[in-house]
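Q: Please take a close look at a single residue in this protein. Then place that residue in the wider fold.

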Amino acid sequence: MERAGRVTVPSRIAGALVLGAAAFFLPVARPEHIVSEPNFKELITNVTAPVGREAILACIVKDLGVYKVAWLRVDTQTILTIAGHVITKNHRIDVKHSDHLIWYLHIREVRETDRGWYMCQINTDPMKSQRGYLDVVVPPDILDYPTSTDMVVREGSNVTLRCAVTGSPTPTITWRREDSRPIPLGNGVTSIEGPFFNITKVNRLHMGSYLCIASNGVPPSVSKRITLIVHFPPMIWVQNQLVGAREGQQMTLGCHSEAYPKSINYWTRDEGQIVPQGGKYEPSIFEDAYTVHMNLTIRSVGPSDFGAYKCVSKNSLGDTDGSIKLYEIPSSSGSRSTYGNGTKYKGKMGKNYGNNYVDGDPNVLKKIDLKLRGRKENGRDDDEDYDETSGADSRGRMSATSTLFSSLIFAILSQRRLFGDLQTLLLPA
């Protein structure tokens, strides 16, 4: 392949060069000794080149003989090359040929302005020509303006994020969360297509960084991070508002808070005094983004520690608090019992001498049982002594005895819950 040289001439003969270029377009009659005229062997293949790279258009000619080949820019009618010489002043243009058969037009450092039709001509009579198209593709680029920047909004407002891009072909735009989690729009999607990303009534779950990703098949794809910050006043959740503890026990109270901007968090007592840090009180805070978990650990709970506590959260948009009541769980004793939520119940106890639970008589339950069983305990048959005249009286006595027995059992169970002892006492002798 031969490389053409760039034509550099003194200014005094520049006019002659222009005349020579113009003479190229005068048709040349075919000499008598030439049997056939030159012709194109193949069509010019269209070329696609990324911006900044080199594009090469090829024109294949057969039987060129004494004729010449020229390259032109169609839309501007600019002569680029004639034969092996570069005519244009564009330093990025060059021409090469392979044995006068294939003529290559080289365009270095391709620009978007180079996109268009190029013509290969042979100065026959009439002139022969064919065209090829150069397409210049441009990787995507995100414009700083009017693309959205980081945004700070109040919870409940409407938000629109915009991503402005350039590139050829026109890039597609995709929105994603930077952490790859689903976008909280109610349908579990992880991406949104289009230059605009609209959020109606934004809330704290939307807060985070979003990526605007532009791609058009021309590497590299590009992206821009846009951080959405949502402001809202503090909110507090208390899981256990009533907490019981015994004296000497270590107890931890807890609250869950959400706020942005970040809140100031502390604990207070009944009268509003702030719980100090140190000594028997140990406040602790665990933060994650806009969420805060507040703990207050009380070492060795004492009588003065029982009462109401408040976890308080404040930021520039407001403040709130949550209440927790710490009550005393009494230690086990014979005079007090604690049920359910710590309510204390007091009851009068019967006499208690060893295993004597009711008025000091250990045989009271056996006596009631004997009455219920009737004469069988004495070896007599009930059927023999039963008649219609005595049936009503017997039923009355049985009903009264059953009522007395039930009352005694209920009183004993309510005061002592001695299931095992009752089971033993109720066994037949």
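A: **A close look at Gln130**

Start with the contacts. Beyond its neighbours within four places in sequence, Gln130 touches Phe40, Glu42, Leu43, Ile44, Cys59, Tyr118, Met119 and Cys120; contact means heavy atoms within 4.5 Å. This is a predicted model, in which local features need pLDDT of at least 70, side-chain atom pairs count only at pLDDT 80 or more, and totals for chains, interfaces and linings use all residues. Residues are numbered from 1 along each chain as its sequence is written, and side-chain values use heavy atoms, with hydrogens and water left out.

Gln130 sits in strand S11, residues 128-142. Strands (E, at least two residues) and helices (H or I, at least four) are DSSP runs, numbered from the N terminus. Gln130 counts as buried because its relative accessibility is 10%; buried means under 20% relative accessible area, with a 1.4 Å probe and protein chains only. The Gln130 side chain also reaches the backbone oxygen of Glu42, at 3.0 Å.

Now the wider fold. The protein has five helices and 28 strands. Of its 429 residues, 35% are buried. Among contacts between residues at least 6 apart in sequence, 61% join residues at least 24 apart.

Four strands form an open sheet with mixed pairing, in the order S20-S26-S25-S22. Its edge strands are S20 (242-245) and S22 (264-268), and each pairs on one side only. Strands pair if DSSP finds at least two bridges between them. S22 and S25 (residues 307-315) pair in the antiparallel sense over five bridges. Thr268 has Lys310 in S25 as its bridge partner.

Technical notes: Buried < 20%, exposed > 50% of the residue type's maximum accessible area, 1.4 Å probe, protein only. Polar contact = N/O pair within 3.5 Å; in protein donor to acceptor, adjacent residues only side chain to side chain.
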